[in-house]
Amino acid sequence: MDIGGRTVSTWHYGGELPAREIRARKGDLLRVQLRNELPQPTTVHWHGIALRNDMDGVPLLTQPEIAPGAEFRYEFTVPDAGTHMFHPHVGTQLDRGLYGALIVEDPAEPADYDAELVVIFDDWLDGTGRDPDRVLSELKANGMGAMPGHGGMAGNGGMQMSRSDLLGGDAGDVTYPYFLANGRTSEAARSFEARRGSRIRLRLLNIGGDTSFRVGVPGVPMTITHTDGFPVVPTRAEAVLLGMGERVDAIVTMPDQPLPLFGLAEGKDGRAHVLLQPGAGAAPDLPAAAAQLSARPAMVNAIPAAESVRLPNRSPDVTHELTLGGPEPVYTWTINKEVYDPARGFPVRRGERVRLRFNNTTTMYHPMHLHGHTFQVVGPAGPGPRKDTAIVLPGQLLEVDFDADNPGQWLTHCHNIYHGEAGMMTVIQYVED
Ligand SMILES: [Cu+2]
């Protein structure tokens, strides 16, 4: 794949990076035939979709792995509109080129915009002399000892300390040489052409393995309209922070001059962009433009859901506490001191209102993702946004509520792929009395 100024050898869906977008309408039956020509077994997870459990793509839990050379037909109804995505759920495969956007439209939704721009931000190292499997084994071999300043080995391309006040401490475990917007580095960024003054619906996605992005257009405020596919009270912001697995829809007005829509790698040294191009003209000086995005970005956990999608007021029938721990002893990330075991989890019963309390005792943030449901963040002053992935800051407690209305065995896990693979995953298990 040509990622812009560099050609890398990687794994992909159908020869495109990102994969060709899948677009459906709310209520559609979606059918996708997967043929595995990779050297490893794989599955596909439909991130954000409240689908039937046996199509969720989690090995052992919902389906056998799809062997090299084998095929599998995914077939499910998409019940909710929104900006979603698809990626593998085996090992570290999502930190290669295996990802794409899954957009579900609602024909009944009022469309107060002129054009649409889907942008997937990604951190990239595959095929640059490293690959994600090797990075994970280096992290496990070196643990915290690989961080500069901790007396261990440095410069092995594995673990490195990066800092972010916004993220409350450690910004990541992995150093990436490249950051991509729609599969391209900033050196060879894609352009998006539209008439100046037109209203653009941005669909912003972060498929990164270990990087959050601060997303915005310098000097052009956005109005955030959706989080993880669900409408929120429209909220104006200079920029927005997107953790791994999170999506935001926002409206911007097309500028008069070419301007970058940036994804700045939060707490890391790098960025990616798509150039908003209203006509002729060159991009501005990129470092200067990026420096203009220095205002504190919106943190989406604080934005209330739109009235129309708020969960009915109700006390939880069951509350589960999930204490996030790690990375001790050697790059092990845990939930309630346990690493992932598909046979163990947290019981819920159909019809219950469930509260999950994510209690982060580590020094790093964790974007916690729940499969098969869209929870509602419990805000300090009332209902927060509907989401399926939410950042839990270090030393903090995040509470989320959902209605147990989709029976099955559903993963909840950190969407930092290295944390998930190092143990930080568990199962929400529907049980019957
Ligand atoms: Cu994590």
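Predicted model: local features only at pLDDT ≥ 70, side-chain atom pairs only at ≥ 80, totals over all residues.
Numbering starts at 1 along each chain as its sequence is written, and side-chain values use heavy atoms, without hydrogens or water. Local features need pLDDT of at least 70 and side-chain atom pairs 80 or more, while totals for chains, interfaces and linings use all residues.

**Stop one: the copper ion.** Select the copper ion with His 366, Cys 414 and His 419: ND1, SG and ND1 coordinate the metal at 2.0 to 2.1 Å. Donors here are N, O and S atoms within 2.8 Å of the metal (3.2 Å for Na, K and Ca); water is not among the atoms, so sites may look incomplete. Along the chain, the donors are spaced H-x47-C-x4-H. Cys 414 and His 419 are both buried, meaning under 20% relative accessible area with a 1.4 Å probe, protein chains only.

**Stop two: Thr 389.** Now pick Thr 389, in strand β27 (residues 389-392); strands are DSSP runs of E, at least two residues, numbered from the N terminus. Is Thr 389 buried or exposed? Thr 389 counts as buried because its relative accessibility is 0%. Its side chain reaches the backbone oxygen of Gly 245 at 3.5 Å. Show the residues that Thr 389 touches (heavy atoms within 4.5 Å), leaving out those up to four places away in sequence: among them are His 47, Asp 228, Arg 247 and Phe 375.

**Stop three: a pocket lining.** Finish with Asn 301, Ile 391, Leu 393, Gln 396 and Leu 398, the lining residues nearest the centre of the second largest pocket. A pocket is an open set of points on a 1 Å grid over the protein atoms alone, where a 1.4 Å probe fits, with protein on both sides within 12 Å along at least five of seven lines; lining residues have an atom within 4 Å of a point. Strand β27 returns here, supplying at least two lining residues, as do β25 (375-379) and β28 (397-403).

Definitions and conventions. Buried < 20%, exposed > 50% of the residue type's maximum accessible area, 1.4 Å probe, protein only. Helix = DSSP H or I, 4+ residues; strand = E, 2+ residues; numbered from the N terminus. Polar contact = N/O pair within 3.5 Å; in protein donor to acceptor, adjacent residues only side chain to side chain.
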